[in-house]
Amino acid sequence: MHIVACVKQTPDSAALITVADGRVGWGDAAMVVNPWDEYAIEEAIRLKEKHGGRATAITMGPERARDALKSCIAMGCDGGVLVADAALAGSDARATARVLAAAIQKLGDVDVVIFGKQAIDGDSGIVPLAVARLLGWSPLSYVLQISALDAGARTIEVARLLEEGRQLCSAQLPVVISVVRDINEPRYPTFAGIRRAGTAQIPIWNLGDLGLDELQVGAAAVTVAWQAVRAPASRAGAVEILAGDSVAATVSMLADRLQAEKLT
Ligand SMILES: Cc1cc2nc3c(=O)[nH]c(=O)nc-3n(C[C@H](O)[C@H](O)[C@H](O)COP(=O)(O)OP(=O)(O)OC[C@H]3O[C@@H](n4cnc5c(N)ncnc54)[C@H](O)[C@@H]3O)c2cc1C
């Protein structure tokens, strides 16, 4: 089995995001693995441990995104591929998917691709489905459990998390999956993993390596333009701390306040 986890390097969720002149900034906040992708990495490693084979992490991003791949290797992935090229700057979700699909095709022997359900910066949730479409593989989104995988029969069964409940699906491999956080508890990197990540050779593939040209990606190929990006208006609000002489008195004060505000 060859399992691929696609990960994006994003600003830390604690970063103070600013919007000025339509441009989004996060200062010198730490860059981390997109938090939703930690579940994808964990699931890729678990599949490899259970069924044998290897797990590879892929990211498209600038040179510094190599650190995200090192985090994946430290957790237990066998290797990583960085797709980096100056022409990729400003890519929309469609171009991102085109590049990732080409990288997966270049790997050649992939059975399962796993994504997080969305990226905390772009937030479109489109990339996994677009990659599935480009590859012509079955898309399985919002997966909260991989209940069975038969490598011989090349079948997979999953449970998807829907608002109405759970949906059980089966598909033929290869598949593209996006996972929700209920699927697992991501592990911490081990000391040995961190050492392995430190010396890992991470290849960099550019557009030429993927058989793509500049007009298919980056700002040149944007089909969905974010025309106006604004910071949300700050909310008016106040904090009131109720402190009675006892718990019962505090609860009673709270109940009175909620009633007065007509919130009960
Ligand atoms: C400042 C700013 C300006 C932007 N302007 C535009 C714009 O004008 N038009 C527009 O269409 N989009 C714009 N975007 C969105 C940007 O193009 C998307 O972030 C990108 O296309 C990926 O989509 P997503 O982040 O919504 O990923 P999602 O679809 O939400 O992510 C789903 C999964 O795909 C993975 N994934 C996403 N990107 C990668 C990657 N590079 N490598 C590996 N895995 C990945 C995620 O990690 C996650 O697991 C902008 C983003 C920012 C931060």
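In this predicted model, the axes of helix 2 (residues 66–75) and helix 5 (residues 191–199) come within 7 Å of each other and cross at roughly 140°. Helix 2 is therefore oblique to helix 5, since an angle counts as roughly antiparallel over 145 degrees. The protein chain contains 6 helices and 13 strands, and 36% of its 264 residues are buried.

**Chain overview**

- Taken along the principal axes, the C-alpha atoms of the protein chain fill a box of roughly 70 × 45 × 40 Å.
- Of the contacts in the protein chain with a separation of 6 or more, 68% are between residues 24 or more positions apart.

**Helix 2 and helix 5**

- Helix 2 and helix 5 make a right-handed crossing.
- On the helix 2 side the contact involves Lys70, Ile73, Ala74 and Met75, and these meet Gly193, Ile194, Arg196 and Ala197 of helix 5.
- The residues of this contact between helix 2 and helix 5 comprise 5 nonpolar, 1 polar and 2 charged.

**Helix 3 and helix 4**

- Two packed helices are described by the angle between their axes and the distance between the axes.
- For helix 3 and helix 4 (residues 127–135), the angle is about 50° and the axes are 8 Å apart.
- Helix 3 and helix 4 are therefore oblique to each other, and helix 3 passes helix 4 in a right-handed crossing.
- Helix 3 contributes Ala93, Arg94, Thr96, Ala97, Arg98, Leu100, Ala101 and Ile104 to the contact, while helix 4 contributes Val127, Ala130, Val131, Leu134 and Leu135.
- By class, the contact of helix 3 with helix 4 divides into 10 nonpolar, 1 polar and 2 charged residues.

**Nonpolar core**

- The largest nonpolar core consists of 66 residues, and Ala5, Val99, Leu100, Val113 and Ile177 have the most contacts inside it.
- Helix 3 (residues 93–107) supplies the largest share of this core, 9 residues.
- Val99 touches Met60, Val83, Leu88, Leu210, Leu212 and Val217, when residues up to four places away in sequence are not counted.
- Leu100 has a place both among the residues with the most contacts inside the core and in the contact of helix 3 with helix 4.

**Leu135 in helix 4**

- Leu135 is located in helix 4.
- Leu135 is buried because 20 other C-beta atoms lie within 10 Å, and 20 or more is the cut-off for a buried residue.
- Not counting residues up to four places away in sequence, Leu135 touches Ala101, Ile104 and Val176.
- The C-alpha atoms of Leu135 and Asp123 are separated by 22 Å, with the two residues 12 apart along the chain.

**Backbone geometry**

- Most residues other than glycine have a negative phi, and most peptide bonds are trans.
- Asp123 has a positive phi of about 65° although it is not a glycine, and Asp123 lies in the loop between strand 8 (112–116) and helix 4.
- Asp123 is exposed, as 10 other C-beta atoms lie within 10 Å.
- Tyr142 is not a glycine either, yet has a positive phi of about 50°; Tyr142 is in strand 9 (residues 138–150).
- Tyr142 counts as buried, with 21 C-beta neighbours inside 10 Å.
- The peptide bond from Leu173 to Pro174 is cis, with omega near 0°.
- Pro174 is found in the loop between strand 11 (165–172) and strand 12 (175–179).

- Leu242 lies in the loop between strand 13 (204–205) and helix 6 (247–260).
- Leu242 is exposed because 12 other C-beta atoms lie within 10 Å, and the exposed class takes in residues with 12 or fewer.
- Leaving aside neighbours within four places in sequence, Leu242 is in contact with Thr250, Met253, Leu254 and Arg257.
- The C-alpha atoms of Leu242 and Ser252 are separated by 10.0 Å, the residues being 10 apart along the chain.

How values were computed: Residues numbered from 1 in each chain as written. Predicted model: local features only at pLDDT ≥ 70, side-chain atom pairs only at ≥ 80, totals over all residues. Core = buried A, V, L, I, M, F, W, Y, C linked by C-beta atoms within 7 Å. Helix = DSSP H or I, 4+ residues; strand = E, 2+ residues; numbered from the N terminus. Contact = placed C-beta atoms within 7 Å. Axes fitted to C-alpha atoms, helices over the stretch in contact; angles between N-to-C directions. Parallel < 35°, antiparallel > 145°, perpendicular 65-115°, else oblique. Left-handed = near helix turned anticlockwise from the far one by under 90°. Nonpolar A, V, L, I, M, F, W, Y, C, P; charged D, E, K, R; others polar.
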